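Subject: Handover of a two-chain model

Dear colleague,

Please find below the structure that I am handing over to you. My notes on what was found in it follow directly after.

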Amino acid sequence: MDIYLAPLRFYNTLLLQNLITELSKRFSAKIRVIDLDINLDDFFSIDRKQYFSTQIIAEAIKLTDNIDGKVIMLTDVDIFVPVLTFIFGEAQLNGKHALLSVCRLHEEFYSGISNDNLLLERTIKEFLHELGHCYGLRHCIDWDCVMHSSPGIEEVDIKGSSFCRNCISKIEGYKY
Amino acid sequence: MGKREKILIVDDEKIVRESLYHWFEEDNYEVDTAEDGETALQKYEKGKYDILLVDMKMPGMSGLDLLTKVKEIDKDALVILITAFASVPTAITALKNGAFDYITKPVDPDELAHIVNKALEQRALKIENIQLKENIDEIIKPDNLIGESYQMRKVYELVYSVAITDTTVIIRGESGTGKELVAKAVHINSSRKYFPIITVNCGALSESLLESELFGHEKGSFTGAQFKRKGKFEMADRGTIFLDEIGSISPKMQVELLRVIEKKQFNRVGGNELIKSDFRVITATNEPLEELVKAGKFREDLYYRLNVFTIVIPPLRERRDDIPLLVNFFIKKFSTAMNKKVKTVSKEALDFLMNYNWPGNVRELENAIERAMVVGKSNSIMVEDLPFHLSSNNFALNNDVKSLAAMERKFILNTLNENEWNISKTAQILEIDRVTLYNKINKYNLSKNDY
């Protein structure tokens with residue numbers, strides 16, 4: 001089953017390229033990039049100045065009926081679900097779609113110093129995390145596992161960058 | 001699998017119910033929802049819920065009314081109220097009526113996770129979780145800490161004996177010996193294993209960055225700090241903080257460090273709130289701390305605070321018996337990662353690996369195997385696949401070869417022997433002229449019978 005990356009208002013081509021390279025090393029599945037005709041402005045909350053993640057996923061579901069595989073959308077805009085101030089990503093548990101925002105993964109928002117390597121590392125972790133949810137994985141208690149919950153950037157940095165032995169068995173075609 | 005905690009979300013807004021439903025479902029809770037107080041009460045009477053998240057303002061029965069009724073059924077029920085606007089009267093009323101806490105919409109994900117965890121821990125429901133954790137103990141062992149040699153068994157003995165205490169540990173050893181892995185081994189064999197071990201490389205950060213990294217900072221505390229960040233000491237609460245390259249921290253940071261280790265409390269940079277954290281300290285260094293203390297570069301009081309229990313990791317050249325195990329481990333690791341069919345190592349290559357001096361220790365060995373697997377063409381790692389320029393000479397640096405002159409002597413002799421004492425060929429390989437080679441032969445008194 002292939003993995004489809006759908007950039008939505010995501011212009012960091014170097015990050016996208018590096019992410020694809022890293023994913024290709026880890027998965028036997030093909031990593032493909034697709035365009036989804038989604039206008040993010042339709043999901044913008046004027047009050048919150050953020051984009052409503054759940055509705056974006058709902059829109060993606062309508063557009064990807066014919067795709068057999070996991071569809072992970074990647075965006076640089078800040079996303080939210082009601083009740084929470086922000087989220088890094090949202091996924092359909094045991095489903096096909098997920099949305100990941102790299103907006104709050106940028107180090108410059110925390111320390112004022114840009115760090116491309118750290119951004120890539122965080123993006124890989126959160127990408128695998130959301131993909132893990134799509135494969136039915138819930139949060140894991142092992143801090144070395146990428147499925148450990150990460151409500152803040154600190155947890156993203158602390159947790160491991162791969163799946164633990166328990167979680168890995170549920171991920172189709174994962175090499176290491 | 002252990003029992004999953006049950007949570008009931010009560011909110012009249014479908015969108016809120018759904019958001020929270022997904023959030024907690026991913027977090028391994030068994031989630032149920034109710035759209036109003038009456039439905040919630042019916043559900044609560046029928047099924048046992050560990051925690052309720054209740055919106056204050058709902059048509060019909062309000063959140064506060066539901067709280068009162070739930071408390072009549074079970075006075076220990078854990079209820080967290082959700083409000084749209086934070087206000088002191090609201091908070092007082094909620095807490096007076098027995099709510100565990102209240103949150104204001106929208107809530108920071110970190111804060112929501114923290115409040116719910118705190119509530120459940122208070123009710124000791126975490127015991128279930130701990131049992132679950134015991135069952136999967138195996139997954140948190142650092143399986144890349146390899147070695148069965150006598151020296152490493154001694155290290156393991158020290159690890160296990162100190163792990164169960166809460167003693168401060170200092171790990172000493174050359175670069176690349178695996179100090180971080182040993183720190184991890186201490187952590188995961190301690191009672192703190194269900195909380196994280198936080199690693200800080202003190203040598204890699206400037207003084208100001210290290211301060212912010214260790215203690216965290218508030219939003220806006222310096223240019224560019226758009227969001228607050230918790231520091232490593234805060235993240236290590238109930239876990240372990242591992243301070244690598246401790247010998248390289250500045251005098252100012254030594255003072256700060258001493259204070260936080262003694263008091264276990266601190267402020268974030270730019271903040272007034274006193275943060276308390278319960279952490280264990282493990283440090284590591286490859287520097288001679290005692291000499292730094294003598295030279296006045298490392299505080300004596302901090303040295304004694306850190307130097308309570310020492311674990312020394314031997315360099316790889318002192319535990320050569322472990323090399324085959326390590327080689328096999330790395331072959332397996334990289335063959336999976338690179339999708340290669342390399343299964344073994346040739347006898348010649350292994351002999352070379354066994355005899356090499358390994359100044360970079362296990363890290364160097366790992367890099368050597370990785371490189372060999374990238375360039376190698378066969379199913380075995382061959383000598384020529386190894387990344388050493390001298391590998392074709394089978395140039396082994398033994399313990400008796402310590403000086404530069406001794407090394408040069410051995411190298412020249414090896415090259416001469418490999419080329420059957422053909423002076424021109426040897427000089428060409430060594431990239432020196434024949435006269436220089438003759439001079440070296442005389443200088444080192446080399447003869448064809450030498451090995």
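Two residues are taken to be in contact if their C-beta atoms, placed from the backbone, lie within 7 Å. Please bear in mind throughout that this is a predicted model.

Interface between the chains

By that criterion, 37 residues of chain B are in contact with 32 residues of chain A. On the chain B side, four elements each supply at least two residues: α1 (14-26), α5 (109-122), β9 (229-230) and α14 (323-338) of chain B. The largest share comes from α1(B), with seven residues. Sorted by class, the side of chain B that touches chain A has 19 nonpolar residues, eight polar residues and 10 charged residues.

Confidence

The model scores ipTM 0.81 and pTM 0.74. For chain A the mean pLDDT is 94, and 99% of the residues of chain A reach 70 or more. Among the elements of chain A, the lowest mean pLDDT, 89, belongs to helix α5 (residues 165-168) of chain A, and the highest, 98, to strand β8 (residues 97-101) of chain A.

Chain B averages a pLDDT of 85, with 90% of its residues scoring at least 70. Among the elements of chain B, strand β6 (residues 169-172) of chain B has the highest mean pLDDT, 97, whereas helix α6 (residues 126-135) of chain B has the lowest, 49. Two stretches of chain B deserve a separate mention. Over residues 134-141 of chain B the pLDDT is below 50, and this stretch has 10 contacts in the model beyond near neighbours in sequence. The pLDDT is also below 50 over residues 389-396 of chain B, a stretch with 17 contacts in the model beyond near neighbours in sequence.

Domains of chain B

The domain assignment of chain B gives domain 1 (6-132), domain 2 (141-312), domain 3 (317-393) and domain 4 (404-443). Taken over C-alpha atoms, the centres of domain 2 of chain B and domain 4 of chain B are separated by 49 Å.

Helix packing

In chain A, helix α1 (residues 13-26) of chain A packs with helix α3 (residues 116-134) of chain A at an angle of about 55 degrees, the axes being 10 Å apart. That angle makes α1(A) oblique to α3(A), and their crossing is right-handed. From α1(A), the residues Leu15(A), Asn18(A), Leu19(A) and Glu22(A) meet Leu119(A), Leu120(A), Thr123(A), Ile124(A) and Phe127(A) of α3(A). The residues of this contact of α1(A) with α3(A) comprise six nonpolar, two polar and one charged.

The axes of α14(B) and helix α15 (residues 347-355) of chain B come within 10 Å and cross at roughly 120 degrees. Angles of 65 to 115 degrees count as roughly perpendicular and those over 145 as roughly antiparallel; α14(B) and α15(B) are therefore oblique to each other. The crossing of α14(B) and α15(B) is right-handed. Here Ile323(B), Pro324(B) and Val327(B) in α14(B) meet Leu350(B), Leu353(B) and Met354(B) in α15(B). By class, the contact of α14(B) with α15(B) has six nonpolar residues, no polar residues and no charged residues.

Backbone geometry in chain B

Two backbone details may be of use when you prepare the model. The peptide bond from Lys105(B) to Pro106(B) is cis, with omega near -15 degrees. Glu245(B), a residue other than glycine, has a positive phi, near 55 degrees. The loop that holds Glu245(B) is between β10 (240-244) and α11 (251-263) of chain B.

Yours sincerely

Definitions and conventions. Residues numbered from 1 in each chain as written. Chains lettered and ligands numbered in written order. Predicted model: local features only at pLDDT ≥ 70, side-chain atom pairs only at ≥ 80, totals over all residues. Nonpolar A, V, L, I, M, F, W, Y, C, P; charged D, E, K, R; others polar. pLDDT = per-residue confidence, 0-100. Axes fitted to C-alpha atoms, helices over the stretch in contact; angles between N-to-C directions. Parallel < 35°, antiparallel > 145°, perpendicular 65-115°, else oblique. Left-handed = near helix turned anticlockwise from the far one by under 90°. Domains from an automatic or database assignment.
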